[in-house]
Structures are given as structure tokens and as C-alpha cells.
Amino acid sequence: MLSKVITGSVLTLLSCSLLSAAPYNAQAKKDRAAMIKYMEAKFKNPKTAAKFFPYTPKNELEHNFIWGFPFQEFGLGDAGYVKSVRAQFDNFMMLPPFYNAVDNGEALYHKKFANGNSFATCFPNPAITNLYPKFDDKTNRVVTLSEAVNNCLIKNSESPWKMTGMKMAYLESYLASKTTAAGKKFDIKIQSAAAAKAYRRGKIEFYSQRGYLDLSCATCHVLGAGKRTKADYHSPLLGMIAGFPVYRLKWGHVGTLEKRLVGCNKNQGEVPHKPNSKWMGDLEYFMAYMSNGIKVNAPSVRK
Amino acid sequence: MQRRKFLSLSAGAVAAAAILPSTLSAENYQKTMPKLWKAKTTSAAMQDLFGTTTTTQGHVTVKAPDIAENGAVIPISIATDLNASTVAIFTDVDPDACVAVFNVPKNGIPKYDLRIKMAKTGEIKVVAEVDGKLYIGSKTVKVTIGGCGG
Amino acid sequence: MRMMVRNSGGVTTVIAMAQHKSISYEVAKKKSIKPNFITYMVAKLNGKEIVYEVTMSQFVSANPFIKFSFKGGKPGDTVTIKWEDLQGKSKVSTGKIR
Amino acid sequence: MKNLFNISLALVVGFSLFGCAKLYKPSNQSESPYVSVMKLHVRDACNVQKNGVNKVLTLAQKYNPIDIKEGIEFMRFGVPTSEYIRATKQAIKDGSKTVQVYTRKGKKGGKFTVAFAAWRSCAFAVAALQQKVEAKSTWKLAMPGTGFKY
């Protein structure tokens, strides 16, 4: 009799959680499925590529692209489908140039605050970067990983760090490397109407054209994925944040996703948004949802 | 130390010294041949290091990207199938020509990977010295600046 | 120094990366600091036999990455790599062959 | 039965009236900038030769604050629209023929004629808001699955 009651309650619990989650991320799930269908059609094989790459020279399509690569390799950015970039990427990843970023992060993770706590108390399990950004219903805001780190600092009466700074990048490198080691995949959840609205705002920001170059993020990272500006191939939206925090050869050190998005704003010709702004949180929330199902592979190396 | 001082005194004897199997002694060319690292062109650098610039094409492979992701970190791998005693990397696009010089020890396999810097698009020339004879291989690498970084 | 040393079929392959901020002559002049970069690296098997030796210029990337292989060495042996830089500082690291 | 009908009828009429009132705000006094900006043609409205520097500059100053609030202000090589406006007004006040702009970090930016600087301030300010309004309807066209057909 008892077992029947338990299974009954578990079933009802499960169904109502499904019910409550079902409607909120329905639209997001459809967007993601359509995105995957588009990206996989685009990089299936050179014969069908002419439709997607009308201006790319034929021999470049034949010789410098990797076609029909596995789904997980979308997380490598343009190294996923460009041979010349991939060769250098593989060399760098043998012994990555971000040398002791992860060790510095580990030290920061264990460093005690004034009140005796440390990041280990806020994040007992460091392998969590695949769950961020989360939506916090209490504050009705998207909480990115950098914001969660700063919230932990503020809760322990420490001064928050600059989201584009080195300490944040080092700590996130450690957390991300633990998540990578655990082989975890992105699992962003949309479980409330407010979260769905934030997702939608992020989606609209991603697809609206802005800046004096009149570019939207999608111009380069969806329609332009695989195309290039001069010698820079554009990385795809699918799995785009799998490699963050990232060591960019241009910077010469690791940097957080916020630092990269500020750089993107400048490239579009727009005054960059503040790293802890709602705009940035919504955008990251959308981009992260689009990377659901892709393995975390960070810190990674990019141009 | 005694051997190093003798070398720097008679720079002229460089050709003779190079023929001796250099696996016996450790040789830091930055100390023994300071002039080599100031040479502006590949031919001048080869003259300083090997005493001659006559080379034969072949037997040296240089693997490097067609387009470098970043001019400061270009992964290259050089190799020769001959039993070389010295292998050197030169470029003409950097302020000085000589990038690195390898002494191949007795059991050493002349196949090396390195990450080098190049100021602009240009050719990497790799010269392997086998019993006094020079073999050369090269690869052009495009180094671009700017762009949005993908 | 980060090192990976593997032996297979009588050939030992070493991948290593030294930690060194290379400051070229131009950068040094611009920032009026002393130029400094790794100028020499030598690797020895069990501290005796030289198995790798390179002289480097300022055009080798910062945190120099090297990969080389040599005949000989069996699991358990050690490969020590020493680097010297322009300002005379030097460092030795040891890796065990796996 | 009849008064039930009347009530529902009154409700319907009331709703529709309220609905369209919201749409057609009494236009000419304070027409919303989002509507007025779409009437402008950037090349025409910001044309300094045609409209004179002051008219063009006032146009820029009208829309730029809204751009800043909306977070869509343009910035080129570190010089935002508001800096172009400030530097142009400064040049007019000093009566100098050229405008020197500075980047957000205080570094020296470009040097332009007053006419060009005024044109850029106005073009950037107007175009930013136009793109924002346009994006409201066109963003779907870029998204696979909703608007983008391939």
C-alpha cells in the first residue's frame, strides 16, 4: 500500500513539474531545433554548400572546410569547420598557452574570505559552469556565472570583482575546467514566464541589427557562420559559449564571456553595454540556451 | 668554458667548428655567435652560422599554417630525413633573420615543433646541415592583422 | 615547466612548455625595461646524455613550446630540461618517461 | 435579455475606442520620437549644405539622448556620438574650422571639418533610432525557423 502511495505522489510530482516546465521553454526548444537543423544543413557537404556560401571561392570550400563533422564539434567555434584553424587549434590545445590560468583559479577558489568562507562554500561543487546563466525568479533577473561569483563575494561582505577582469577570468577558468573534466553538457533551464520573457528579449537583441555597421550578432554568427571577414572565420551560434572563458591569442590572456561581448559591441560600432547589465544577462541567457546539449570545453583557445 | 672562449676568438674558424660533430659539447649560439643574431637577411645569417650560403633544395619539410591565426604564435613543425647535425630556422620578415638553431645530438631525431613569431606575411626557411652540405626547405605563411577575431 | 614524456617503440617523445614572459628588444625599448627571453634550452636523459639542444631568438613565442623526440630512454628514466634566458637566469625541470 | 445585449455592446465599443486611442496618440504636439524619426531620410535631414550646421546639430541632440537610454548609441573607433556632438558644439563656440574628438579613454581621435562632424553626429543619432524601430519588425527575418528561409 505504502509503495503505491509513494509511486503515485512521485508520478504526480513529476508530471506537474513537467507541466509547469513544458509551456515555458516550448518556444526556446523550437528555436534551438531550427538552429541545429540550419547549421547541420549548412555544413553537411560541399555539394549542398553553394546555396549557403554563394561568394566563397570553390577551392576554399573544397580544401579548407571540414564537412559533416560531429555535433559536439560545434563547440570548437570556427575550429570546428575550418581546417587551417583546426590544425593550429589542436596544436595549441596540446599544451595551451593560458599556462597557469586554471591553477590561479584554483588558488582563488580555495582562498579564504575575511569571514572564513571561500568560494568553496558558495560553490561546493565547482563543476557547474554548464548550468549558468540561470534565471532568478526572486530578483527577476538573469544571473550569469560572473554575477553568481560577485553575489557570493557580496554575500560574504567582500567587494565584487570586475566582470571583465583577470581574477574573474582565472576563477571561471578553474570552474570551467572542472566542468569540462566532468564532461558535462550545457543544460540551461527556462522554468518560469519571466524566464521565457528574458530569453525572448535576449533572442531579439541577438537578431536585431545595431551599430553604425548595421550588423546583428546573427549577421555574423548565424547567416555568416563559416564565412569570413578578411582572414577571420565566424564562429557559429550553436555551441558558441562552450569555450568560455577563453584564451584569445589577441589578448594574450584568458577573458570572460562578458569581456568578449563588450568587444563584439565595439566591432558592431556601438557603445558597449555594461557587463552586469540586464541586456548582457538576457543575451547570454539566449546564447547559452542555444548551446544546450553541447559539452563544455573551456578554457579554450581562440584567435 | 675553455672551448667556448677559443671559438669566439677565431670567428673565422666557424666553418671548421661546424663540421665537428657538435653533439659532444653544449653550445649556446647566443653566446658563441652574437653576430649571428643581428644578421638582417637569411643569407647573411647563413654565412655567419654555416660559413656558406650554397644550398640544395629538398629533404627538409616545413609544416606551417597557410594563414596564421596570430603572428605572435605560429605553430610550425620542421623535419629532415637526413642525418643532420644542425638545423636552423630563418625568416626575412622579422627584424632579424635567425629564429632558432638546433644542434641535433647523437640519438636525436631531427624533427622539431615550435611556436614562432612573424611580423608579417613571409617565408619560413629551414636549413639542415648534413656533413657540411646544406639542404633547404621553406613555407610561406600569411600573417594578417585586424579583422573581428571570428 | 609543463612536460609530457612518452616512450613507444624505443623512441621517446617530449612535449614541453616553459613559463617565460618573452620581452623582445623593441618592446623593451618602448617600455624602457630590460629585454629578456629564453635563449637556450638543453634536455638530458637521466642527467647525462644530451638529447635536445636549441638556441632561441626573440622570435620564439612567449612561454616557448617545444616538441622533440630521440632514440632511447625507457619508462622510469628521467628527462631534465634546462633553460637559460638573456638576463642569465636559468631553471631546470624534470619529467619521468611514461 | 435586451439589456444584456446593450451592456456587451457598450463594452465592445468602449474597448475598441480605448484600443485605438492608445494607437493614435494626439500626434502633432508631442509626436513620439520613434514615429518622427522614421519620417526622416538620413542623407537629406542631416545634409549640412542644405540645412546648415545648427539645424543638423539640433536634430542630433534631439535623438541622441533617446539612443543612450535605449542603449543603442553608435561608437566608432572609441568615439561615441555624444562626443561628436560635444566636440562640434565646442568647435562652433570657439569658431575653429576643425573638430578634434577624443575617445572614451581620453585618447586623441580623428580631426574633422565642422560640417563633417555635424553630419556624423546627426547621421549616427538618427540612424541608431531608425535601426531600433526597424529591428522590431525585421529581427525575425534573420532567424532560421521563424523568418529566415533557406
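Among the contacts in chain B between residues at least 6 apart in sequence, 64% join residues at least 24 apart. The model is predicted, and chain B has a mean pLDDT of 86, with 83% of its residues reaching 70 or more. Residues 1–23 of chain B have pLDDT below 50, although this stretch has 22 contacts in the model beyond near neighbours in sequence. Chain B contains four helices and nine strands, which, read along the sequence, follow the pattern α-α-α-α-β-β-β-β-β-β-β-β-β. Of the 150 residues in chain B, 44% are buried.

The contact between chains B and C takes 27 residues from chain B and 24 residues from chain C. On the side of chain B that touches chain C, the elements that give two or more residues are helix H3 (29–32), strand E6 (98–103) and strand E7 (108–116) of chain B, and E7(B) gives the most, with eight residues. The residues on this side of chain B divide into 15 nonpolar, six polar and six charged. Strand pairing also crosses from chain B to chain C, in that E6(B) is joined by four bridges to strand E4 (residues 49–56) of chain C, the two strands running antiparallel. Within this pairing, B:Asn103 has C:Glu53 in E4(C) as its bridge partner.

In soluble globular proteins, nonpolar side chains tend to be buried together. In the present model, the largest nonpolar core has 72 residues, and those with the most contacts inside it are A:Tyr199, A:Tyr285, A:Phe286, A:Met287 and A:Tyr289. Helix H13 (residues 278–290) of chain A supplies the largest share of this core, namely eight residues. When its neighbours within four places in sequence are left aside, A:Met287 is in contact with A:Phe206, A:Leu237, A:Met240 and A:Ile241.

Methods. Residues numbered from 1 in each chain as written. Chains lettered and ligands numbered in written order. Predicted model: local features only at pLDDT ≥ 70, side-chain atom pairs only at ≥ 80, totals over all residues. Core = buried A, V, L, I, M, F, W, Y, C linked by C-beta atoms within 7 Å. Buried ≥ 20, exposed ≤ 12 C-beta atoms within 10 Å, placed from the backbone. Contact = placed C-beta atoms within 7 Å. pLDDT = per-residue confidence, 0-100. Nonpolar A, V, L, I, M, F, W, Y, C, P; charged D, E, K, R; others polar. Pairing = 2+ DSSP bridges.
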